[in-house]
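Q: Take the structure below and go through the labels one by one. For each label, give the value, the cut-off and the conclusion.

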Amino acid sequence: MFLSKRLLSFCLFSLFFALLSFTGDELKLVVPEGWPQPVYDFSNNPLTSAGFQLGRQLFYDPLLSRDTTISCASCHLQATGFAHVDHALSHGIVGRIGHRNAPALMNLAWSSSFMWDGGVQHLDMQPISPITSPAEMDETMKNVVEKLNNTGKYRRMFHAAFGDSLATGQRTLQALSQFILLLNSANSKYDKFIRQEPGGEFNAQEMNGLAIFRQHCATCHTEPLFTSGGFANNGLPVDTALLDFGRLRITQHPQDSLLFKIPTLRNIQFTYPYMHDGRFKKLLEVVNHYTAGIQNSPTLDARLQTPIVLTHEQKIDLVAFLLTLTDREFLFDARFGFPRE
Amino acid sequence: MRNLLFAITIISLYGFSIPPKTAFGTLEITIKPQLSGQPLILTNKLYHSTTGDSLYIDALRFYISAVQLDGKTAVFAENNSYHLIDAEESGSQTIILKNVPVGTYQSLSFYIGTDSLTNVAGALGGDLDPTLGMYWAWNSGYINVKVEGRSNNCPTLYHAFEFHLGGYMPPHQTVRKVVIPLDKMKIVAGKTTFLLVNTDLAKFFNRIQLAMTNKVVIPSKAAAQMADYFQDVFYAK
């Protein structure tokens, strides 16, 4: 009997200790009403508040770059939908300029490929591209991990998030994913309109804009994510300085020449300039491209073969609708901002 | 209640102590990088290929996955089987397979590289950690084989050649299966059996000319072709 008592207390003590050592409270991504299930497999990287906070710290830390000058947030600013407002191409260390527009970051738990050319297949692996690109952070993953292991603050944060103070490539990337996965924008005026909530009352112009959108744009920019997640040649003439043929570089299939990722339109009011090379500064320029600027080529998307005809008033209404995709709760959510200590 | 707990504890303890029906042994595989029958020495030793190249090798790293042993009655497949073999790290050149069922085995098989699911599984640890320099960023996926070195025949910067063989998507898959016949290798209960697998890079360099082929660093037809060559470097003595 004595044995069993000791065994029982030992078991209880172990259980108690196990619970204590797990400081990361579980977090959950709430799937907005009417949305599909996320594609990210959370079972391999369960969200915890400690993991999220570590990812947030990493996202805002220039330590990730070779000379400690550029962080993820340098080109992905929260107030502009985590895009690089007013900058056509991404910026890197010592004034280097990349060759594509830094995309907005939101609702990426629903994305199955990343980068304008879809060259990255998993969210966890996406940060390796900007970290190691010579035109961006120009650092190695090995050095990043070494720098993190030499920083007391990070050792504590890794311990809180993973139960072990050692930073590894895997944990660093998983923590970044935990932060990025929760950047969920689903409270725009449009969302409230769909959910028939207060603040979601559309005026006649916005209603008309929605109808035009659904007729001409929604097969690529599919609701509710406002992207189908696919790739398309949307008839942009090739920029002669960049000579960027998009997805061709990844697949080397001629049919993928000039295909780029279809971006989400959420928070598009603030994510300018637009397109993979940031060539358009204003939404009306984008709309005009689709009505009058489409350049025919062998890989032009079938959905753009027939010209879109819109009156000037219809264009204005369409833009009015696009502005309803602005989600101020997301853009100013303090949880996603710079981590003040 | 206490009695019940006691009973459960005793039963579960007893459960663990039942002797296993099958006996197990250990296999220690050593993968030895060589060139023309000589142990591979990085950076400082000049090698000659039959295609007329004199060359130095600076780096040799490759993934081995899904290690399996096959016999007439026994089969053993290693769990979570991913190994990064690095010519610079002798510790990486030993693979220890524990709990191999006792028996006689006719072949050892493994893949060079990692399967497509691993390439899209997200951030992984251990030998698959992306800090190990065997992961491509912009066209993402694991590099299966890295061979780097120098030859005066290379019309490149520092006369360097660079082969980073990878790619898991059709039409340029570069993962290759290697099957090595074994001479009735025996696994004995509670004992360790040693197996030496040589990798003779001559079988790779004797099929290329460095003046023409010196840089293959993206998933491509050339990478698939070189993966075929690399498949042939393995043999057991």
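Q: What makes up the secondary structure of chain A, in helices and strands?
A: Chain A has 13 helices and 2 strands. Helices here are DSSP runs of H or I with at least four residues, strands are runs of E with at least two, and both are numbered from the N terminus. The C-alpha trace of chain A spans about 85 × 50 × 35 Å along its principal axes.

Q: Where do the numbers and letters come from, and what kind of model is this?
A: Residues are numbered from 1 along each chain as its sequence is written, while chains are lettered from A and ligands numbered from 1 in the order in which they are written. This is a predicted model, in which local features need pLDDT of at least 70, side-chain atom pairs count only at pLDDT 80 or more, and totals for chains, interfaces and linings use all residues.

Q: Why is Leu258(A) called buried?
A: Leu258(A) has 23 C-beta neighbours inside 10 Å. A residue is buried if 20 or more other C-beta atoms lie within 10 Å of its own, exposed if 12 or fewer, and partly exposed in between, with C-beta atoms placed from the backbone. So Leu258(A) counts as buried. Leu258(A) sits in the loop between α10 and β2 of chain A. Its phi is near 70 degrees, a positive value in a residue other than glycine.

Q: Why does Gln252(A) get the label partly exposed?
A: Gln252(A) has 16 other C-beta atoms within 10 Å, so it is partly exposed. Gln252(A) lies in the loop between α10 (248–251) and β2 of chain A. Phi of Gln252(A) is near 60 degrees, again positive in a residue other than glycine.

Q: What share of chain A is buried?
A: Buried residues make up 42% of the 341 residues in chain A.

Q: How do you know that Gln170(A) is buried, and what does it touch?
A: Gln170(A) has 21 C-beta neighbours inside 10 Å, so it counts as buried. Gln170(A) belongs to helix α7 (residues 169–181) of chain A. Leaving out residues up to four places away in sequence, Gln170(A) touches Ala123(B), Leu124(B), Gly125(B) and Asp129(B). Touching means contact: two C-beta atoms, placed from the backbone, within 7 Å.

Q: How many residues of chain B are in contact with chain A, and what kinds are they?
A: 19 residues of chain B are in contact with 24 residues of chain A. Helix α1 (residues 2–17) of chain B supplies the largest share of the chain B side, 4 residues. That side divides into 9 nonpolar, 8 polar and 2 charged residues. Nonpolar covers Ala, Val, Leu, Ile, Met, Phe, Trp, Tyr, Cys and Pro; charged covers Asp, Glu, Lys and Arg; the others, Gly among them, are polar.

Q: Why are α9(A) and α12(A) called roughly perpendicular?
A: The axes of helix α9 (residues 204–216) and helix α12 (residues 312–323) of chain A come within 7 Å and cross at roughly 95 degrees. Axes are lines fitted to C-alpha atoms, for helices over the stretch in contact, and angles run from 0 to 180 degrees between N-to-C directions. Angles under 35 degrees count as roughly parallel, over 145 as roughly antiparallel, 65 to 115 as roughly perpendicular and the rest as oblique. α9(A) and α12(A) are therefore roughly perpendicular. The residues of this contact divide into 6 nonpolar, 4 polar and 2 charged.

Q: What makes a nonpolar core, and which residues touch the most other members of the largest one?
A: A nonpolar core is a set of buried Ala, Val, Leu, Ile, Met, Phe, Trp, Tyr and Cys residues joined through C-beta atoms within 7 Å. The largest has 109 residues, and Leu108(A), Ile180(A), Leu183(A), Ile112(B), Leu165(B) and Phe230(B) touch the most other members. Strand β4 (residues 54–71) of chain B gives the most to this core, 8 residues. A second, separate core of 14 residues includes Tyr190(A), Phe213(A), Tyr274(A) and Val286(A).

Q: How do you know that β11(B) is paired with β10 of chain B?
A: Strands pair if DSSP finds at least two bridges between them. Strand β10 (residues 141–151) of chain B and β11(B) have 7 bridges, in the antiparallel sense. In this pairing Val147(B) stands opposite Phe163(B).

Q: What joins β11(B) to β14 of chain B?
A: 2 bridges join β11(B) to strand β14 (residues 215–216) of chain B, and the two run parallel. Here Phe163(B) stands opposite Val216(B).

Q: What makes β11(B) mostly covered?
A: 5 of the 7 residues of β11(B) are buried.
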